[in-house]
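Here is a short briefing to read alongside the sequence and the coordinates. Have the viewer open and follow along as you go.

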Amino acid sequence: MASRSMPAVADVGRRAAEILDRMRAHPAYDRLHGSSMKYSSCWATFTGYPAISRWSLERDAGPLLVEALRVLALKAAVFELSGGDEQAAELLVPAPVDEMIHAVLAQFTLMSRMQADLGVVFPHATELEEFTYTRGCVTDALYAAAGWGEQRLRYWLDSAEVTRRLNLLNAHYQAAGLGRDGRSHDFDFDQPEPVVAVSG
């Protein structure tokens with residue numbers, strides 16, 4: 001996703017690292033962390049987390065939260081340094097990380113307090129999202145500039161690889177009676193379950 005107002009990579013990286021450090025030092029951080037980790041027990045899609053190979057909520061939620069907070073810091077830095085350009089700040093990210101971002105942003109009260117206390121905005125606009133993340137895009141350059149080391153490739157999946165995996169998952173979903181990406185099903189919960197005869 002290109003934008004004429006995208007600020008310099010080094011500036012974004014430096015500012016994002018500052019924002020993330022301040023988030024972690026905020027008095028509400030522990031609560032934000034705990035609440036975000038519980039989000040998936042309330043809602044999780046069929047197309048985000050499950051794209052991770054041998055996905056396990058217990059094992060993967062923590063590392064995914066780390067990645068989500070880093071991306072939110074990057075987005076906040078771009079938004080600030082671009083003069084409030086929402087489109088520039090809507091960075092391309094892989095589906096599993098994007099889902100965890102939603103989990104963090106669902107903690108509305110905590111995030112609102114953190115925004116006010118830190119003097120930053122954590123932008124997110126669904127209508128501007130594009131699911132075309134590819135390795136080597138500007139998001140990767142900004143991540144590296146923040147000094148966070150190598151991205152976890154377990155979660156940073158190219159959109160083409162996510163599509164391939166979702167196609168495989170859909171075969172399993174359909175066999176279980178779920179429509180495309182788990183968005184529909186034909187289960188009628190008002191009908192009595194069929195009686196299964198047991199031979200003795």
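Predicted model: local features only at pLDDT ≥ 70, side-chain atom pairs only at ≥ 80, totals over all residues.

Buried residues account for 44% of the 200 residues.

**Confidence and overall layout**

- Confidence is lowest in helix α2, residues 29-38, where the mean is 84. The highest value belongs to helix α7, residues 138-145, at 97.
- Along the sequence, the pattern reads α-α-α-α-α-α-α-α.
- The C-alpha trace spans about 75 × 35 × 30 Å along its principal axes.
- Of the contacts with a separation of 6 or more, 77% are between residues 24 or more positions apart.

**Helix α1 against α7**

- Two packed helices are described by the angle between their axes and the distance between the axes.
- For helix α1 (residues 9-25) and α7, the angle is about 55° and the axes are 7 Å apart. That angle makes α1 oblique to α7.
- The crossing of α1 and α7 is right-handed.
- On the α1 side, the contact uses Val 9, Ala 10, Val 12, Gly 13 and Arg 14, and these meet Ala 141, Leu 142 and Ala 145 of α7. By class, the residues of this contact are six nonpolar, one polar and one charged.
- Ala 10, one of the α1 residues in that contact, is partly exposed, because its relative accessibility is 43%.
- Ala 10 and Leu 142 are 132 residues apart along the chain, and their C-alpha atoms are separated by 7.3 Å.

**Helix α1 against α3**

- Helix α1 also packs with helix α3 (residues 57-81), at an angle of about 125° and with the axes 8 Å apart. Here too the angle makes α1 oblique, this time to α3.
- The α1–α3 crossing is right-handed.
- From α1, the contributors are Asp 11, Val 12, Arg 15, Ala 16, Ile 19, Leu 20, Met 23 and Arg 24. From α3, they are Val 66, Leu 69, Arg 70, Ala 73, Leu 74, Ala 76, Ala 77, Val 78, Glu 80 and Leu 81.
- Sorted by class, the contact of α1 with α3 has 13 nonpolar residues, no polar ones and five charged ones.
- Val 12 of α1 is listed in the contact with α7 and also in the contact with α3.

**Helix α5, mostly covered**

- How many of the 11 residues of helix α5 are buried? In α5, which covers residues 95-105, nine are buried, and the helix is mostly covered.
- The buried residues are Ala 95, Pro 96, Val 97, Asp 98, Glu 99, Met 100, Ile 101, Ala 103 and Val 104.
- These buried residues pack against α2, α3, α6 (108-118) and α8 (159-175).

- Lys 75 sits in helix α3. Is Lys 75 buried or exposed? Its relative accessible area is 2%, so Lys 75 counts as buried.
- Apart from neighbours within four places in sequence, Lys 75 is in contact with Ala 89, Glu 90, Leu 91, Pro 123 and His 124.

**Two loop residues to look at**

- Arg 54 is found in the loop between α2 and α3. With a relative accessibility of 76%, Arg 54 is exposed.
- Most residues other than glycine have a negative phi. Arg 54 is not a glycine, and yet its phi is positive, at about 50°.
- Asp 85 belongs to the loop between α3 and α4 (86-89). Its relative accessible area is 21%, so Asp 85 is partly exposed; the cut-off for buried is under 20%.

Methods
Residues numbered from 1 in each chain as written. Heavy atoms only, no water. pLDDT = per-residue confidence, 0-100. Helix = DSSP H or I, 4+ residues; strand = E, 2+ residues; numbered from the N terminus. Axes fitted to C-alpha atoms, helices over the stretch in contact; angles between N-to-C directions. Parallel < 35°, antiparallel > 145°, perpendicular 65-115°, else oblique. Left-handed = near helix turned anticlockwise from the far one by under 90°. Contact = heavy atoms within 4.5 Å. Nonpolar A, V, L, I, M, F, W, Y, C, P; charged D, E, K, R; others polar. Buried < 20%, exposed > 50% of the residue type's maximum accessible area, 1.4 Å probe, protein only.
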